[in-house]
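Here are my notes on the model you sent. Please keep the structure open while you read them.

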Amino acid sequence: FFFFNDTATTEIYTRSIVGSVRCVQETDMDEYDEATCSKKTGESPWPNTYSALGGAFHYLKNGQRFIYKDTQRHPRTAMAFDSQYIYFYVVDGRTNKSKGMTIDELSNFAVNFLHATDGIALDGGGSSTMVINDKIVNHPSDGNERTVTNAVLFALPIEKEFSKLFHPNEEVKARVKLNVFSGPGDNYSPFGSVNENEKGKVVAHPLEGVRAKGTFWWFIQFNEFTGWVDEKNLTQQQNTQYFTCLLYTS
C-alpha cells in the first residue's frame, strides 16, 4: 500500500515497486533494499489526501445521476455514500440466477434504495467479489475468486500488541529451518529460508515484536537474508561461560 499526502514519504521494499510510482534509489541498490518514495498530490482540493484508489466511473455525484448509453447487464462492484453512511455493494451477474445490472440500474439502486448522494463503480465483471469475515458471500461469475491486485476494505483496527522477548542487536538463532518473509506475517511473500541453528541478529524496527497472524514477528538479519521471522522459530543464543573452581581440603 502507498499512503501519500502533500509532503509525506513512505518506505517500501524495492521488490514491491509497481506501476508509475517513481522512487529515489541509489544506483547500487539490491532487491529488498529499502527505497523512499514520495508523491505530491497537486493543488487544492487534494493536498491533504493520504490514500487514493482509482475507480472505473462515477454514476452519481452530489445527488445527480450520470447518464450512460449502456444497456448491457454485468456483475458490478460499487461504493456509495451520503452524509451518514458509506455503502459497499456487489451485484452478481452472468449466471442463471443473476444477469447483473446496467449502469443506470446501478445508479437507480443507489438513489432509490440506499438514498445515497454519491457513487463510484470499481472493477466489475469477474472481479466482483465480496468477502465478510473471511467468507465469500456472493457468487463470482468466474465460479471462483479472480486474481486481482487491490481491494477496498472495511476493518475494525485493534490495538497493536508487542513481544519483549528479544531486543535490537541481540543475537539469535533458528530453532528449525525457517522462511524469511518480506513483512510481519505469513501472508507476505517468503523470499528465502535459513537452516536450523543458523545465527542472526535482531534489527531495530518500529514494528519489532509486533503480533500479526496469531504470533509475534521480528526483523532479523541473517548472512544472506534480512526479513521477518516468526518468534516461535527463534531462540536466544546461549553464551558459553567458563568458571574456575578452587577446592580446598584440610
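**Notes on the predicted model**

1. Phe-81 is found in strand β6. Strands (E, at least two residues) and helices (H or I, at least four) are DSSP runs, numbered from the N terminus. Phe-81 is partly exposed, at 40% relative accessible area. Buried means under 20% relative accessible area, exposed over 50%, and partly exposed in between (1.4 Å probe, protein chains only).

2. On sources: this is a predicted model, where local features need pLDDT of at least 70 and side-chain atom pairs count only at pLDDT 80 or more, while totals for chains, interfaces and linings use all residues. Residues are numbered from 1 along each chain as its sequence is written, and side-chain values use heavy atoms, leaving out hydrogens and water.

3. Phe-81 also belongs to a nonpolar surface patch of about 630 Å². Leu-53, Ile-86, Phe-88, Val-152 and Phe-154 are its other members. Patch residues have over 30% relative accessible area and no salt bridge; nonpolar side chains (Val, Leu, Ile, Met, Phe, Trp, Tyr) are joined within 5 Å, like charges within 9 Å. A salt bridge is a side-chain nitrogen of Lys or Arg within 4 Å of a carboxyl oxygen of Asp or Glu. Areas come from the Shrake-Rupley method with a 1.4 Å probe.

4. Which residues of helix α1 (103-112) are buried? They are Ile-103, Leu-106, Ser-107 and Ala-110. These residues lie on the same side of α1, because they cover an arc of only 90 degrees around the axis. Their cover includes β4 (57-61), β5 (64-65), β6 (76-81), β7 (86-91) and β8 (118-121).

5. Asn-138 sits in the loop between β10 (135-136) and β11 (171-174). Asn-138 is buried, at 11% relative accessible area. Leaving out residues up to four places away in sequence, Asn-138 touches Val-90, Asp-92, Ser-128, Thr-129 and Met-130; contact means heavy atoms within 4.5 Å. The Asn-138 side chain makes a polar contact with the side chain of Asp-92 (3.0 Å). A polar atom of that Asn-138 side chain also lies 3.1 Å from the backbone oxygen of Ser-128.

6. Asp-134, between β9 and β10, has phi near 70 degrees and is exposed at 80%. Lys-213, between β15 (210-212) and β16 (215-221), has a positive phi of about 55 degrees and is exposed at 56%. Most residues other than glycine have a negative phi.

Notes: Arc of directions from axis to C-beta. Polar contact = N/O pair within 3.5 Å; in protein donor to acceptor, adjacent residues only side chain to side chain.
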